[in-house]
Amino acid sequence: MKVYDRISYTESPAIAEALAGAQIAITNKTPISRATIDKCPDLKCIAVLATGYNVVDYNYAKEKGIPVLNVPTYGTQIVGQYAVGLLLEICSHYQHHSDTVKAGKWQNNIDWCYWDFPMIELYGKTAGIIGLGRIGQSTAKILKAMDMRLLAYDTFQSEAGKALAEYVELDKLFAESDVIFLHCPLFPPTEGIINKANIANMKDGVIIINNSRGQLVVEQDLADALNSGKVYAAGLDVVSTEPIKPDNPLLKAKNCIITPHISWAAQAARQRIMDITVDNVKAFIAGNPVNVVNK
């Protein structure tokens, strides 16, 4: 077994060199492209330490008879929890007010309380969830407990989803949602789904939450909408290029929370990643691969 740390987050000859002679590759953010696969004739299986698997050219891997395995359920609850946490911070500004109290503002205040931003009550408001799979449903369960109206858009409609939300067309979701959550995978039809045209169809003052994939958002369009006030606020745990680039327009946009892709990072979730990946590899070796994304 060979272990490498931080080979490359972009296409590089070093990736194929590291995989030379390997039959099983275990990767997370390091891409495995068609070119890399061609340079690694011994490769028999690719295991991704994540739910998303777009770092692998999985269609080409299928052509070569190489199963690509993922970890579909490790972060379902924590990612849903994190998404709602971003929304709650936007609505109530917990950290800001805690900081002002510690800085002495409350003890020196002439009134018994104060708030520096509008407080938003979510009861009765409409949440739109784009992608009502496992994580979308996890978020939906929390929102439903808060008595929000739930709309969802998904190309695959499930009975479990219908029990939580009303499936609607995308235009209706954009037009009626007070809050929009992105829980869809990154595929060509979803890339840039939050763009200038779709934002124009949203309610004034909409809130957008994205802890799925940064490329779902056209970042300049979102920054412009935040700065104009069309979008009231955004809570983001992902951006198009990670680590974030210093010229990313969202860094200077109004009312934009950005965290460093940590929705998944609870210790319990990370342990599940390792346990399920080990099980995936064992099942492949035994001749019965599971969690294959490119059957």
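View 1. The model is predicted, local features need pLDDT of at least 70, side-chain atom pairs count only at pLDDT 80 or more, and totals for chains, interfaces and linings use all residues. Residues are numbered from 1 along each chain as its sequence is written, and side-chain values use heavy atoms, with hydrogens and water left out. Helices (H or I, at least four residues) and strands (E, at least two) are DSSP runs, numbered from the N terminus. Strands β4 and β7 (residues 179–182) run parallel and are joined by four bridges. I130 has L182 of β7 as its bridge partner.

**View 2. Strand β4 (residues 126–130) is covered on both faces.** Five of the five residues in β4 are buried (under 20% relative accessible area, with exposed meaning over 50% and partly exposed in between; 1.4 Å probe, protein chains only). T126, G128 and I130 lie on one side, A127 and I129 on the other.

**View 3. β4 and β5 (residues 149–153) are parallel strands joined by five bridges.** A127 has L150 of β5 as its bridge partner. Together with helix α6 (residues 134–145), β4 and β5 make a right-handed β-α-β unit; right-handed means that, with the strands pointing away from the viewer, the path from the first strand over the helix to the second runs clockwise.

**View 4. Seven strands form an open sheet with parallel pairing.** Their order is β6-β5-β4-β7-β8-β9-β10. Two strands count as paired if DSSP finds at least two bridges between them. At the edges are β6 (166–167) and β10 (256–258), each pairing on one side only.

**View 5. Strand β9 (231–236) is mostly covered, with five of its six residues buried.** Five bridges join β9 to β8, and the two strands run parallel; N210 is partnered by L236 of β9. The chain passes from β8 through α10 to β9 in a right-handed β-α-β crossover. Three bridges join β9 to β10, also a parallel pair, and G235 has I257 of β10 as its bridge partner. Helix α10 (residues 219–228) lies across β8 (206–210), β9 and β10, and runs at about 135° to β9. Axes are lines fitted to C-alpha atoms, for helices over the stretch in contact, and angles run from 0 to 180 degrees between N-to-C directions.

**View 6. The largest nonpolar core has 28 residues.** Such a core is a set of buried Ala, Val, Leu, Ile, Met, Phe, Trp, Tyr and Cys residues joined through side-chain atoms within 4.5 Å. I130, F174, I194 and L222 have the most contacts inside this core. Two or more residues come from each of α8 (170–176), β7, β8, α10 and β9, and α10 gives the most, with four. Beyond its neighbours within four places in sequence, I194 is in contact (heavy atoms within 4.5 Å) with F174, L182, I199, M202, I208, L216, V217 and V218. Another core, of 24 residues, lies apart and includes A83, V84, L164 and A165.

View 7. A disulfide is a pair of cysteine sulfur atoms within 2.5 Å, and the count comes to zero. C91 counts as buried at 1% relative accessibility. C256 also counts as buried, at 18%.
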